[in-house]
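Welcome, and thanks for opening the viewer. Please load the model and follow along, one selection at a time.

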Amino acid sequence: SEAATGAAAGSAASPAARRRPSAVAVRTKAVSHLCRSVAAASRFPGVLQAAFHALFAGDATPRLQQQGAALAEHISSHAALPLLDAAGAHLLAGLLRVTRGEATPGLRPDAPEAVSMRSHAYAALAALCRRVPKLLAADSALATELDIARKNQLLLKMKVQVWRGKVWRSHGGGDLAPVLKGGAVALVDARWIVEHAEAGGIVTHRQALPKEAFLSLSSLVEATDNYGLPIAALSYPWLTPSHPDPLGANLSRVAKALKALLSDPSVP
C-alpha cells in the first residue's frame, strides 16, 4: 500500500518529484496489483489509504482514479467482515463522493472515465451494503439517492457504449470483429506479455497459452479511443529451426517496450 500511495517509508523524494507522470504510473500499476490480491483487501488501514489516495490525490489521473475505484470495489467485496464493519462508514463516505462526481470535477459526467469510475463505485456500494447492511438501513434518504443515481448511471453507461461502438467502427473495428469472433486471430494482452517475460517465460504456441493471455473483443472495444485501435503487430524470423525465440531474448525486448508504453498514464 505504501507503493500505491507513492509514499514509501524513508523516501526523500520531493512533492514535485512525486507528482511526475512516472510516479503516477507506478502508483497506477501498484493499485492494479492490489486489486488482484484477496489478502491485500484486508490490509487495513493501508489499503484504504491507497484507494482514497488514488481517487482524491491532487495529481491523480483519470486512469489512476479508475484503479482507485476498482480497489474500493475489491475491498468492499473481499475485506474481512470485522474490518469492513469497523471501517464501513469511512469507505461509504468516500464512495459517495465518487458517485456524486466530487472525485472528478474536471470531467463531464458522461466522460468514459467518469462513467467507469462510478460503475466501480456502485458495485462497491452494492457489496458494502450487502455485507454491512446497517450502513444503508440507517439512512432511507441515502437509499433513494443511490437508486436514482444508479438509474442515471445506467443511461450514461449506455451512451458511452454507443460512443465507443462508433469509434471502434470508424477505425475499422467492424472488419476485424468477425475474424476475432471466429477465432482465426487471437490478440495477446500486452500486460500479460510483460508479466510473462518478467517471470522468465518464453513464447509458446497459441494453443498452450492460458486464457488470461488473450484480450477479449469486448475489452478491445473498451480500450479503443479516438487515436485508433489499440493493436500492434510484430513479425520477426525464427531464431532456431525448432523455436522462434528459445531463450526469450526477443520477448524480453518487446516486453520492455510494452512496459514503457503502458507506463504512460494516458494509455487505457
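Start with two neighbours: α4 passes α6 in a left-handed crossing. Keep in mind that this is a predicted model.

To find the pair, select residues 46-56 for helix α4 and residues 81-99 for helix α6. Two packed helices are described by the angle between their axes and by how far apart those axes lie. Here the angle is about 15°, and the axes are 11 Å apart. Angles under 35 degrees count as roughly parallel, so α4 is roughly parallel to α6.

Next, show the side chains where the two helices touch. On α4, pick Leu48, Phe52, Leu55 and Phe56. Facing them on α6, pick Ala87, His90, Leu91, Gly94, Arg97 and Val98.

Are Cys35 and Cys129 buried or exposed? Cys35 has a relative accessible area of 19%, and Cys129 has 14% relative accessibility. Buried means under 20%, so Cys35 is buried and Cys129 counts as buried too. If you look for disulfides, a search of the whole structure finds 0.

Finally, zoom out and colour by secondary structure. The protein chain holds 13 helices and 0 strands. Of its 268 residues, 38% are buried. As for contacts between residues at least 6 apart in sequence, 72% join residues at least 24 apart.

How values were computed. Residues numbered from 1 in each chain as written. Predicted model: local features only at pLDDT ≥ 70, side-chain atom pairs only at ≥ 80, totals over all residues. Heavy atoms only, no water. Helix = DSSP H or I, 4+ residues; strand = E, 2+ residues; numbered from the N terminus. Buried < 20%, exposed > 50% of the residue type's maximum accessible area, 1.4 Å probe, protein only. Contact = heavy atoms within 4.5 Å. Disulfide = S-S within 2.5 Å. Axes fitted to C-alpha atoms, helices over the stretch in contact; angles between N-to-C directions. Parallel < 35°, antiparallel > 145°, perpendicular 65-115°, else oblique. Left-handed = near helix turned anticlockwise from the far one by under 90°.
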